[in-house]
Amino acid sequence: MYTEIPKSVEIVEVSPRDGLQNEQVQVGTADKLALISNAIEAGARRIEVTSFVNPRAVPQMADAEEVCAGLPQRDDVTYIGLVMNQRGADRALATGRIDQLGAVAVGTDTFAMRNQGQTSDGSVEAAIAIIETAKSAGKTAQATIGASFGCPFEGEVAEERVIDMAKAIAEAGPVEMALADTIGVANPAHVASLVAKVREAVAPLPVRIHLHNTRGTGLANVWAAIGAGATTIDASIGGLGGCPFAPGAAGNVATEDVQYMLERAGIETGLKLDKLIETHRWLTGVMDKELPAMVGKVGGFPKPSEKNKKDAA
Ligand code: ZN
């Protein structure tokens, strides 16, 4: 089941969308744009910048168009906008600034109804339509299967269900297939098993993983996913995050914690830890509370001065 540990993995920065969407404090557009600029400076080259959803349902994302208008002009950065339906896709494309649409299908009917007012099958059809819309507009699309490892309303989700959904969506041609542990109930064995099976089912399409650290298994699950061949990891600076439609959901795996673990293990992420930590401290001020990320609070190892000593020795 395990593959070779890769030389590098890609990290998608999701703090501007998944990180913020569940926060009660309304973060201003300027601060969201500063977060995006900081992420780019830290090395992020693929960023989920906002979602185009009903502002009454997710007030934090009501400024999606304003965020897009202020995005730095960068040819080397892919900006992702999450959309749930055709209306969202049209809004995202109308900004002219979104490079990649993010589509979400959900593994169970109850969660799909709460999250996006559709059955699970309906959410697969909607994801396929969004991918097709993106492609016909000359853009790309990513696709994520929410509640792949468990549902807050229906409990366990069968692997076969997720694999069938992944196969159906993969045929539409997203850039990769992602599995999301929306409520943070996955364990490393389950992650390794499902990543390996989905990878086989959608090959040669790569597999991305989206993990929440609700129960402390986030980093272990990242490692398991990479060992099973996932090439891309969603992460959020500071470890903010949560789903407004999933009771008790907590933050994403933190970008600085994931960067630290992987780089120390010899896997390149393209991200600079000092800039991530600086951004963590800045974001702590913006949110006016302690953030869940651990490396952001205590710093990396070894300290830069100690590292120089080692290099000189
Ligand atoms: Zn999430």
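At what angle do helix 10 and helix 11 pack, and how far apart are their axes? Before we get to that pair, a word on the model: this is a predicted model, in which local features need pLDDT of at least 70 and side-chain atom pairs count only at pLDDT 80 or more, while totals for chains, interfaces and linings use all residues. Residues are numbered from 1 along each chain as its sequence is written, and side-chain values use heavy atoms, with hydrogens and water left out.

Now to the helices. Two packed helices are described by the angle between their axes and the distance between the axes. Helix 10 (residues 255–264) and helix 11 (residues 273–287) pack at about 160 degrees, and their axes are 9 Å apart. Here the axes are lines fitted to C-alpha atoms, for helices over the stretch in contact, and angles run from 0 to 180 degrees between N-to-C directions. Helices (H or I, at least four residues) and strands (E, at least two) are DSSP runs, numbered from the N terminus. Helix 10 and helix 11 are therefore roughly antiparallel to each other; that label is for angles over 145 degrees, while those under 35 count as roughly parallel, 65 to 115 as roughly perpendicular and the rest as oblique. The crossing of helix 10 past helix 11 is left-handed, meaning that the near helix is turned anticlockwise from the far one by less than a right angle, with clockwise giving right-handed.

Thr255, Glu256, Gln259 and Tyr260 of helix 10 make this contact with Leu273, Leu276 and His280 of helix 11, where contact means heavy atoms within 4.5 Å. Three of the contact residues are nonpolar, three polar and one charged. In this count Ala, Val, Leu, Ile, Met, Phe, Trp, Tyr, Cys and Pro are nonpolar, Asp, Glu, Lys and Arg are charged, and the others, Gly among them, are polar.

Helix 10 is mostly covered, with seven of its 10 residues buried. Buried means under 20% relative accessible area, exposed over 50%, and partly exposed in between (1.4 Å probe, protein chains only). The buried residues of helix 10 pack against strand 1 (10–13), helix 9, strand 8 (232–235), helix 11 and helix 12 (295–298). Take Thr255 as an example: this residue of helix 10 counts as buried because its relative accessibility is 1%. Beyond its neighbours within four places in sequence, Thr255 touches Ile11, Glu13, Ala235, Ser236, Ile237, Leu271 and Leu276. Just after helix 10, Gly266 has a positive phi of about 90 degrees.

Helix 8 (residues 188–202) and helix 9 (residues 218–227) pack at about 30 degrees with their axes 8 Å apart, so they are roughly parallel to each other. Helix 8 passes helix 9 in a right-handed crossing. Their contact brings Pro188, Val191, Ala192 and Val195 of helix 8 to Ala220, Asn221, Ala224 and Ala225 of helix 9, a group with seven nonpolar residues, one polar and no charged.

Finally, turn to the zinc ion. Its protein donors are Asp18 (OD), His210 (NE2) and His212 (NE2), at 2.0 to 2.1 Å. Donors are N, O and S atoms within 2.8 Å of the metal (3.2 Å for Na, K and Ca); water is not among the atoms, so sites may look incomplete. Along the chain, the donors of the zinc ion follow the spacing D-x191-H-x1-H. His210 counts as buried at 6% relative accessibility, and His212 is buried at 2%.
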